[in-house]
Amino acid sequence: MFFNLLTYADKTAILADNGEQLTYRELYHASQEIASHIPAGSFVFTLCGNCLGAATGYIALLDNHIAQVLLDAEKDIEILQQLSASYLPDFYWLPEHRTEEFVQAGLAETNSECTYKGYCLLRRNGQKAQSVHPDLLLCLTTSGSTGSPKFVRISERNLMSNTEAIAEYLSIDENERPITSLPMYYSFGMSVLNSNLLKGATILLTGQTVVQREFWTFLKEAKATSIAGVPYTYETLKAFRFFRMDLPYLQTMIQAGGKLNAAIVKEYAEYAQAKGKRFFVMYGQTEASPRISYLPADRAIDKYSSIGIAVPGGRMAVVNEDGEEIQTAETDGELIYYGENVCIGYAECRDDLLKGDENHGCLHTGDIARFDEEGFFYITGRLKRFVKVWGNRCNLDAIEQLVKTLTTDCACTGIDNLITIYVTDAKFEDSIIRLLTTKTGFNPQAFTVKVVPTIPKMESGKTDYKKLAE
């Protein structure tokens, strides 16, 4: 058992925004019933919406060590056909309203194995595939994945290690009432569920987003104690005058999923301190199941541009181009992470699900970082987000952070000798060019500003640079 649900038997495990709720005991019995229809060694496509049916199915598979991949409940049928052809899932746990669509597409058999809260279990139409590796528990799509068949393979040890670490540094207990402000198929949203259910908290389950009135009505009425968000979430909340809201029960705010502008981090940290709340900045990757580091709330003001320190049980290091560990503070290199939560590898087809641990607890993050004299780490860019401007190596992430001091609704791409800044408001064009030429010393011809209707975002809330480049 992953969660040991009966430990908190009569406590409310999940409260949905439509009023439905489940105790931990009811969740246990429902999950056991669902899992009883799935043989050991199976692989399941779990189509996730933020609703009771999806959450219970996910928990059922996790608690009974049945391997699954989390996918968006509304994912296009053609993409699902491609993924099914690659992975030959044994079952689909999906919304009942999509049953006919799956049957007509030739993906699933007609009769459902079981149903629960608007979800059903369908068997794949076709010959059964070989059982997956016994260590495999979970697969997640890689960042930005749409139809890409590449999954991150995660073992139970990987996931439990990180879940326990998160619960420890956030001091989660059974009094917590986190609201689901992120999709559960996204690794960050999933980790909120895991770390809170492990400690007997009450999950406030909603599919509404932070820009909808219904979300805030539910948050206030259900007395949410914590909220999680990506940079876009906190930029949006700031524009919505979050600092003026009356939220007496909300005690903890956590941010991950990309770099939030340091000035905005400082604002939230100062707000939290003034209001007796906690603001945590966290850094991670799906490959780390998914958290790598956190910035302790009591250091958020004086270290507001830092990703903090490694999660309990993990270690971060910075290496030079020769792979040697850097011992000197304030020196850039690739960030390497070591810990039990590092995934066991990738998969691109069903046969890859038979593989064991290929990473052995070591993750090359692809991020450029440095550490200070106190051992706090700072991300300074991505290995793939560098261009040369007249022979000078230029960090596109650093350029974007400069522009965000003028407007947060921006993004930056580039090729050698030309950096393109995308904004949604033309009034910033001249000030952006002046700022960047002053800060970098480059000729204004190194920069061009393009006005777009919106900055495209991926499902995770991160900027979709590929779409911008197109």
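How do the residues of the lining of the largest cavity divide into nonpolar, polar and charged? They divide into 11 nonpolar, five polar and two charged. This is a predicted model, in which local features need pLDDT of at least 70 and side-chain atom pairs count only at pLDDT 80 or more, while totals for chains, interfaces and linings use all residues. Residues are numbered from 1 along each chain as its sequence is written, and side-chain values use heavy atoms, with hydrogens and water left out.

**Cavities in the structure**
- The structure holds two cavities of 30 Å³ or more.
- A cavity is a set of points, on a 1 Å grid over the protein atoms alone, where a 1.4 Å probe fits but cannot get out; lining residues have an atom within 4 Å of a point.
- A volume is the space filled by probe spheres set on the points, which are joined across faces, edges and corners.

**Largest cavity**
- The volume of the largest cavity is about 140 Å³.
- Its lining has 18 residues, and those nearest the centre are L170, I172, N196, S226 and I254.
- Two or more lining residues come from each of α6 (187–197), β11 (226–229), β12 (252–255) and β13 (278–284).
- Helices (H or I, at least four residues) and strands (E, at least two) are DSSP runs, numbered from the N terminus.
- α6 supplies the largest share of this lining, five residues.

**Second largest cavity**
- The second largest cavity has a volume of about 60 Å³.
- Its lining includes N50, I179, T180 and A228.
- Here α6 gives the most, with three residues.
- The lining residues divide into seven nonpolar, four polar and no charged.

**Residue classes**
- Ala, Val, Leu, Ile, Met, Phe, Trp, Tyr, Cys and Pro count as nonpolar, Asp, Glu, Lys and Arg as charged, and the others, Gly among them, as polar.

How values were computed: 1 Å grid on protein atoms, 1.4 Å probe; cavity = no way out; pocket = protein on both sides within 12 Å on 5 of 7 lines; lining within 4 Å.
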